[in-house]
Amino acid sequence: PPGLHLVSTPIGAARDITLRALDVLAGADVLVAEDTRTLRHLMEIHGIALNGRPVIAYHDHSGAGQLQRLLGMMAEGRSLAYASDAGTPLISDPGFELARAAAAAGLPLTAAPGPCAAIAALTLSGLPSDRFFFAGFLPATASARRTALEELAPVQATLILYESPKRLAALLSDAARVLGESRRAAVCRELTKRFEEVLRGTLAELAAAVAERELKGEIVVLIDRAPPEAVSEEKIAAALDAALAHMSV
Ligand code: SAM
């Protein structure tokens, strides 16, 4: 069918692709990918032939020209499948501008849902899964990261963060300082892959463990919500002020 089809791809184990995702990749007129080589390789693994179909590179900084070109193809009635490098497109990955533009143009938009590191990690973390707040990657610089943690401190939900292994130690020690050493947390590493590992403990324990042993690979950090009594009226008011300041831009 014409329109844009957002295809989730594996976060490690190639067989985690869904049967419907394979159908969409096999049936789309045009394949669009964050990285064309990665998508070609995935299709090859699963025996899906290109049969001369174009594979076009697209990410959210590809520019207005490329975006218009893809919208034009869809307006002509062609079907596009979009995949990012791993997991679900748009989730700390490109695709948002394209999906938003397709929706705004009234073009059909569907998802072939599948792997997402944040959701997989949440289910393994041992932390409450009833409410969660996905914060993606926090800023890389120390002061901006602390400010971001202060904003997250009163949130009444399990916090889910993506982090690179080289900044993990700094994130955990900052989180222990800003959110409190005794908050429960989990570090999920290399999910669905050979060296999959989940560490659970307090922020202080995890910061100490990571300071001792450098963790490599892909990492999700999850942090329990603040105990309700720790969320003072002033903190809530300050967080609201901060949020409103962002909104009034
Ligand atoms: N779109 C992806 C998703 O749906 O999860 C996320 C892409 S983002 C650029 C990459 C980050 O996701 C990594 O730095 C890591 O934080 C997390 N991630 C991806 N795959 C992972 C895995 N197998 N195990 C743990 N974390 C993973």
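## The parallel sheet

Two strands are said to pair if DSSP finds at least two bridges between them. In this predicted model, strand 1 and strand 4 run parallel and are joined by four bridges. Within this pair, H5 stands opposite A81 of strand 4. Strand 1 also pairs with strand 5 in the parallel sense, again over four bridges; here the bridge partner of L6 is A111 in strand 5. Strand 1 is mostly covered, with four of its five residues buried.

Strand 4 has a further parallel partner in strand 2 (residues 30–33), and four bridges connect strand 2 with strand 4 (residues 79–83). A33 stands opposite A83 in strand 4. Taken together, five strands form an open sheet with parallel pairing, in the order 3-2-4-1-5. Strand 3 (55–57) and strand 5 (109–112) stand at the edges with a single partner strand each, so one side of each lacks a neighbour in the sheet. From one strand to the next, the twist averages 25°.

Helix 4 (residues 96–104) packs on this sheet and touches strand 1 (3–7), strand 4 and strand 5. The direction of helix 4 makes about 145° with that of strand 1.

## The nonpolar cores

In soluble globular proteins, nonpolar side chains tend to be buried together. The largest nonpolar core of this model has 35 residues. Those with the most contacts inside this core are A121, L172, L203, V220, V221 and L222. Two or more residues each come from helix 5, helix 6 (142–152), strand 7, helix 7 (168–179), strand 8, helix 8 (203–212) and strand 10. Helix 7 gives the largest share, six residues.

A121 illustrates these contacts: leaving aside residues up to four places away in sequence, A121 touches I160, C188, L191, V220 and L222. Apart from this core lies another, of 24 residues, including L25, L70, Y82 and A112.

## The surroundings of the ligand

Which residues are the closest to the ligand? They are G87, A117, Y162, L191 and E218, out of 24 residues that surround the ligand. The shell comprises 11 nonpolar, seven polar and six charged residues.

Several elements each supply at least two residues of this shell: helix 5 (117–124), strand 7 (158–163), strand 8 (184–189) and strand 10 (219–223).

Technical notes:
Residues numbered from 1 in each chain as written. Predicted model: local features only at pLDDT ≥ 70, side-chain atom pairs only at ≥ 80, totals over all residues. Near = placed C-beta within 6 Å. Nonpolar A, V, L, I, M, F, W, Y, C, P; charged D, E, K, R; others polar. Axes fitted to C-alpha atoms, helices over the stretch in contact; angles between N-to-C directions. Contact = placed C-beta atoms within 7 Å. Core = buried A, V, L, I, M, F, W, Y, C linked by C-beta atoms within 7 Å. Buried ≥ 20, exposed ≤ 12 C-beta atoms within 10 Å, placed from the backbone.
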